[in-house]
Amino acid sequence: MADRVVPGPVNDNDCIKEAVCISTRKIMDSCRDKDCVEDLRVYPTVSSLPYIESAFSVRPKCAQLLQCDVSVSEICLNRGYYTVDVTYFYKITGETFPANQSFTGLAVFDKRVMLFGSEGRVRSFSSDGSGTPDGAGSMPYAEVDAVDPIALHMSLAETALPDPGIDQRDIPQAILDSFGEEISVTGGTRHVYVTLGQFSIIRLERSTQLLIPAYDYCLPDKECVGSSEDDPCTMFGRIRFPVEEFFPPDNVQNCEEYKDLV
């Protein structure tokens, strides 16, 4: 059996200076999706209602992803697997025809995926006072990467399609504030529906400690632009950047030798 790699200098490869232990989040499972969300109800702003009521038809202009709410739940029957529930909040902008009046509204899309998140029973505590004394530390972290969707189609309907309605949802106040006015929950006699193309990546991660190769410290190559005059700042600009003062020595035994590097 090969010797296990331990933290410290690495001699096998000149490019790798040492192996270091880091505390980070490891991706346990992930998936990517290309969702075509059809007939998503758009709840217009109050000022947009008159334009929609008098329109012959509507067409999409753009869609903006405002926020994603993410939650994780354990699946009891499948050990190590979790469901990730994602709620996408969109700001939809459309245009009426033939008046060419722009209107905005809120659309909400719910998505659920199942991913492997492994198991963990550790409870984490930190010196800053944060911690998980209630055992929540056993749950993995969910991360969602998403881009603004593509507004593919928009239509008007006299009869509303089955929809839970945003009146039954807890819409974050920051989402409502982004419209600058009140959202019409009930709407008028005509209803707007949009079809969106959404790209997203969903990951489940766990806090862990990893041993990784280190090539060198991350010292920026670009110098900050300062004064060119012959003054104290110019003199200070000629002083070498003290790299060793920003990074700890590898061990305390060589502390004095470490200082000699200045």
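Predicted model: local features only at pLDDT ≥ 70, side-chain atom pairs only at ≥ 80, totals over all residues.

Biologist: How many helices and strands does the protein have, and in what pattern do they come?

Modeller: There are five helices and eight strands in the protein.

Biologist: What share of the contacts with a separation of 6 or more comes from residues 24 or more positions apart?

Modeller: Take Val20 and Ile212 as an example: they sit 192 residues apart in sequence, yet 5.6 Å apart in space, C-alpha to C-alpha. Cys31 and Leu115 are another pair, 84 residues apart in sequence and 8.0 Å apart in space, C-alpha to C-alpha. Over the protein, among contacts with a separation of 6 or more, the share from residues 24 or more positions apart is 79%.

Biologist: Is Val20 buried or exposed, or in between?

Modeller: Val20 lies in strand S2 and touches Leu210, Leu211, Ile212 and Ala214, leaving out residues up to four places away in sequence. Buried would need under 20% relative accessible area, and exposed over 50%. Val20 has 23% relative accessibility, so Val20 counts as partly exposed.

Biologist: Which residues does Val84 contact, leaving aside neighbours within four places in sequence?

Modeller: Val84 is among the residues with the most contacts inside the largest core. With those sequence neighbours set aside, its partners are Val70, Ser71, Lys111, Arg112, Val113, Leu115, Ala142, Ile202 and Leu204.

Biologist: Which side chain makes a polar contact with that of Ser200?

Modeller: Ser200 is found in strand S8 and counts as buried, because its relative accessibility is 4%. Beyond residues up to four places away in sequence, Ser200 touches Cys31, Arg32, Asp33, Asp35, Tyr88, Asp145 and Ala146. The side-chain polar contact, at 3.3 Å, is with Tyr88.

Biologist: Is Thr93 buried or exposed?

Modeller: Thr93 lies in strand S4. The relative accessibility of Thr93 is 15%, so Thr93 counts as buried.

Biologist: What is the volume of the largest cavity?

Modeller: Searching the whole structure turns up one cavity of 30 Å³ or more. Its volume is about 40 Å³.

Biologist: Which element gives the most to the lining of that cavity?

Modeller: The lining consists of Arg41, Val42, Pro44, Leu49, Ile52, Gly187, Gly188, Arg190, His191 and Val192. By class, that makes five nonpolar, three polar and two charged residues. Strand S2 (18-44), helix H1 (49-53) and strand S8 (191-214) each supply at least two residues. The most, three residues, comes from S2.

Biologist: Which peptide bond is cis, with omega near 15°?

Modeller: Most peptide bonds are trans, and most residues other than glycine have a negative phi. For this one, look at Pro98, in the loop between S4 and S5. The cis bond runs from Phe97 to Pro98.

Biologist: What is the phi of Asn100 near?

Modeller: Asn100 is also in the loop between S4 and S5, and at 42% relative accessibility Asn100 counts as partly exposed. Asp39, in strand S2, has a positive phi of about 50° although it is not a glycine. Asn100 is another non-glycine residue with a positive phi, near 55°.

Key
Residues numbered from 1 in each chain as written. Heavy atoms only, no water. 1 Å grid on protein atoms, 1.4 Å probe; cavity = no way out; pocket = protein on both sides within 12 Å on 5 of 7 lines; lining within 4 Å. Points joined across faces, edges and corners; volume = space filled by probe spheres on them. Helix = DSSP H or I, 4+ residues; strand = E, 2+ residues; numbered from the N terminus. Nonpolar A, V, L, I, M, F, W, Y, C, P; charged D, E, K, R; others polar. Core = buried A, V, L, I, M, F, W, Y, C linked by side-chain atoms within 4.5 Å. Buried < 20%, exposed > 50% of the residue type's maximum accessible area, 1.4 Å probe, protein only. Contact = heavy atoms within 4.5 Å. Polar contact = N/O pair within 3.5 Å; in protein donor to acceptor, adjacent residues only side chain to side chain.
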